[in-house]
Amino acid sequence: MEIVIVGAGPTGCYTAQLLKNYGFKTRIIEKHLEVGKPTRCAGFVGRQVFEDTVLPISKSSIVNKINGALFFYGDDNFLIKRKDAAYVIDREKFDKNLSQGLDVECGKKLMEIKKESSGYVLKTNVDDIYADLVIGADGPNSQVRKFMDIGRNKGKGEIIKYYTGVQYRIKLDKDLFSPGVVQVHLQEGVSFFIWVIPEGNNIIRLGLISDNSRKHLNQFIKNLKITGKIIERLAGIVSLGYTQSFYKSIALVGDAACQVKPLTGGGIYYGLKSAELLAECIREGKLSEYDKRLKRKSGREIKFGLKGRQIYEKLNNNELEGIFLIFKKNAGFIEKMADFENHSKIFIEAFKNPKIFMEAGKILGRNLGKILF
């Protein structure tokens, strides 16, 4: 079977490594000239990325360990402590580690996919490639997904929404932030939140996902009087939704399959798990079960997050502050129950507490039921 993987990011490379481990040959094409460049990610992952995978992933890309998060709303804040809960990584090195031993064909951009009687022909800017199975690991703006969607009827609720994220790496003039604690700033008008990630050597990663991202980010820097040299700027797209991941010998993994946490926009862990499920289905000769298995694995969590995001984006200032104060009042509970990769867990457990449920109900009203049911 001729297997072609489009995209040599973490999910694409990990898929290739899994299939190689199972005895399958693959071709992997990448439109950029080098694996790991340009960087499109904050480079902040939960410990599960290194501890809960079928194949071991090198930890050499880790540049800092995170032991807590400081949440802000205006001048108010509270701290959550979790030892080694997450890692700051060098994304370029992370990607390159995953590509070790693979023959990645860089500089090949997918232009078109043509259906043949027995498979597909992938037309690139360099050559034509035949495939029995096409795996789209080509990110949020997946060309493979767009081709797949042409030939099928979309199911109910299959809507993908795109967001733009921006991040600056800043070498600070003076040490303003705790080296082992991330900052999360909630702010009306910002679709997600503003993050401040300490990288080490007095360098922070400051970013957000929102409309007018650069405007919000520059205003935040001005308001907090952050001074230093911007040593890198990056921007990327986040795709949130619930979509079909397999159709007629075309499979999607990672961001291409919307395997992204809707409440934070993080997708590396979910991408790796989708790769494992796909490789498992290929090894067992049960490709047609991939979409069902993937939805069984992460569908409930993603649907929960999409409902939560829809409500979060409609909160006004008073409601946002009210939710923040509930979180602050129950910081100990959050510290104990929070799960970096499964956000529904803490909300479901919290709402089992009558007092928290009542307080949240006063703010969210009937929307609370939309999250839980």
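Trainee: Is L263 buried or exposed?

Mentor: This is a predicted model, and in it L263 has a relative accessible area of 19%, so the residue counts as buried, the cut-off being under 20%.

Trainee: Where does L263 lie?

Mentor: L263 is found in a loop, the one that runs between β17, at 250–252, and α6.

Trainee: And which residues is L263 in contact with, leaving aside its neighbours within four places in sequence?

Mentor: With those neighbours left out, L263 is in contact with F192 and F193, with G305, G308 and R309, and also with H343 and F347.

Trainee: What separates the C-alpha atoms of L263 and G285?

Mentor: Those two residues are 22 positions apart along the chain, and 34 Å lies between their C-alpha atoms.

Trainee: Switching to the core, then. Which residues touch the most other members of the largest nonpolar core?

Mentor: They are I135 and Y290, in a core that holds 43 residues. At least two residues of this core come from each of β1 (3–6), α1 (10–21), α2 (48–51), β5 (76–89), α3 (91–99), β10 (133–136), α6 (268–284) and α7 (290–312).

Trainee: Which element gives the most to this core?

Mentor: That is α6, which supplies 10 residues.

Trainee: Back to Y290: what is Y290 in contact with, once neighbours within four places in sequence are set aside?

Mentor: The contacts of Y290 are S245 and F246, then A251, L252 and V253, and finally S274, L277, L278 and C281.

Trainee: Now the whole protein. How many helices and strands does the protein have?

Mentor: The count is 12 helices and 17 strands, and the C-alpha trace spans about 60 × 45 × 35 Å along the principal axes.

Trainee: What does the radius of gyration say for 373 residues?

Mentor: The protein has 21 Å, and a compact globule with 373 residues would have a value near 21 Å, so the two agree. Buried residues make up 53% of the 373, and among contacts with a separation of 6 or more, 69% are between residues 24 or more positions apart.

Definitions and conventions. Residues are numbered from 1 along each chain as its sequence is written. This is a predicted model: local features need pLDDT of at least 70, side-chain atom pairs count only at pLDDT 80 or more; totals for chains, interfaces and linings use all residues. Side-chain values use heavy atoms; hydrogens and water are left out. A nonpolar core is a set of buried Ala, Val, Leu, Ile, Met, Phe, Trp, Tyr and Cys residues joined through side-chain atoms within 4.5 Å. Buried means under 20% relative accessible area, exposed over 50%, partly exposed in between (1.4 Å probe, protein chains only). Helices (H or I, at least four residues) and strands (E, at least two) are DSSP runs, numbered from the N terminus. Contact means heavy atoms within 4.5 Å. The radius of gyration is taken over C-alpha atoms; the globule rule is 2.2 Å times the number of residues to the power 0.38.
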